[in-house]
Amino acid sequence: RHRSKFFSLSPRSEADAESTLQDKLSAYGDQPRTQRMFSVDDMVDEHVLGKDHDPLRMPAGGGLGEVLLWAAALPFAFLYSVTIPDCKKPKLKKFYAATLLLSTVWLSVLTFCMIRTAESIGQYWKLNPALLGFTLLAAGTSFPDFFSSVVVAKYGDGDMAVSNALGSNNFDILFGLGLPVVLKVLLYGEPEKVKKKGLTQSIIILVGLLLLLILVVVAGKFKLTKPVGTLFIVLYICYVSYCLVEFLGW
């Protein structure tokens with residue numbers, strides 16, 4: 001099986017992942033090695049959704065909170081089911097390109113709606129747009145990356161979880177910021193003016209957190225443990241608190 005060369009999870013997480021993989025190997029029996037590959041469907045179905053998960057069916061035996069969450073997500077689940085081919089079905093596997101394209105379209109639509117909602121909230125409460133960008137929008141647009149990291153981390157692949165977190169930030173900074181600026185100049189013929197309030201401090205914090213990540217990971221011999229994860233969560237809470245103090249004057 002694949003084993004991470006650089007980053008690894010804590011011993012307990014690795015043991016859980018190893019147990020899952022051994023169960024799957026037993027289920028495959030004497031099949032050739034090339035047929036023992038574990039797909040993303042396996043990861044999502046077993047670790048996140050459950051083997052018999054159907055978003056259009058009310059969860060059996062769930063509590064009130066789970067039922068309310070299912071009811072809130074049901075309209076979206078229905079729209080996805082009728083517009084996006086389910087490649088897990090054998091007869092729809094050949095439409096994987098359409099699935100990827102339509103999923104990207106839906107992601108773009110939902111992101112646009114989230115941005116407009118954040119703008120409305122900011123205008124109503126007279127909040128600084130930078131505050132919404134540093135907190136609400138940053139968290140909202142990163143949830144797909146968070147979901148992906150959770151799946152691969154539960155599967156025992158520490159390398160992929162870390163590279164996903166770092167790679168997505170590189171993409172956001174370089175391409176996600178570069179392309180809109182280029183389009184703005186091409187369409188309107190003038191550069192984008194950025195308000196400096198809070199930007200310099202945020203860049204310093206970003207560089208500092210990156211250096212801290214390198215230091216913690218190297219000091220821990222490339223082991224991602226529960227204390228390391230807790231430290232990162234606490235640091236993020238501190239960062240959000242700083243943004244609130246900086247822009248709201250609390």
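Modeller: Helices here are DSSP runs of H or I with at least four residues, and strands are runs of E with at least two. The model itself is predicted. On that assignment, residues 173-191 are 84% helix and 0% strand, with end C-alpha atoms 17 Å apart.

Biologist: Where does UniProt place the feature "transmembrane region"?

Modeller: The unreviewed UniProt entry gives residues 67-83, 95-118, 130-153, 173-191, 203-222 and 228-248.

Biologist: And how much of residues 130-153 is helix?

Modeller: That span is 100% helix and 0% strand, and its end C-alpha atoms lie 32 Å apart.

Biologist: Back to α6. What span should its 31 residues have?

Modeller: Helix α6 covers residues 158-188, and at 1.5 Å a residue it should span 45 Å; the end C-alpha atoms are 44 Å apart, so the two values agree.

Biologist: Where is the kink in α6 centred?

Modeller: The kink is centred on Asp172 and amounts to about 30°. Just after α6, Gly189 adopts a positive phi of about 70°.

Biologist: Which residues of α6 are buried?

Modeller: Gly158, Asp159, Ala161, Val162 and Ser168 are buried. Leu166, also found in α6, has a relative accessible area of 36% and is therefore partly exposed, that class lying between 20% and 50%.

Biologist: Changing topic, which residues make the nonpolar surface patch?

Modeller: The patch covers about 860 Å², and Leu166 is one of its residues, as are Val194, Ile214 and Phe222. Helix α7, residues 199-219, contributes the most, with 7 residues.

How values were computed: Residues numbered from 1 in each chain as written. Predicted model: local features only at pLDDT ≥ 70, side-chain atom pairs only at ≥ 80, totals over all residues. Heavy atoms only, no water. Expected span 1.5 Å × (residues − 1). Bend = angle between axes of the 7 residues up to and from the residue. Buried < 20%, exposed > 50% of the residue type's maximum accessible area, 1.4 Å probe, protein only. UniProt positions renumbered as here; feature names shortened; annotations may be inferred. Patch = residues over 30% accessible without salt bridge, like charges linked within 9 Å, V, L, I, M, F, W, Y side chains within 5 Å. Areas by Shrake-Rupley, 256 points an atom, 1.4 Å probe, with all protein chains shown as cover. Salt bridge = Lys/Arg side-chain N within 4 Å of Asp/Glu carboxyl O.
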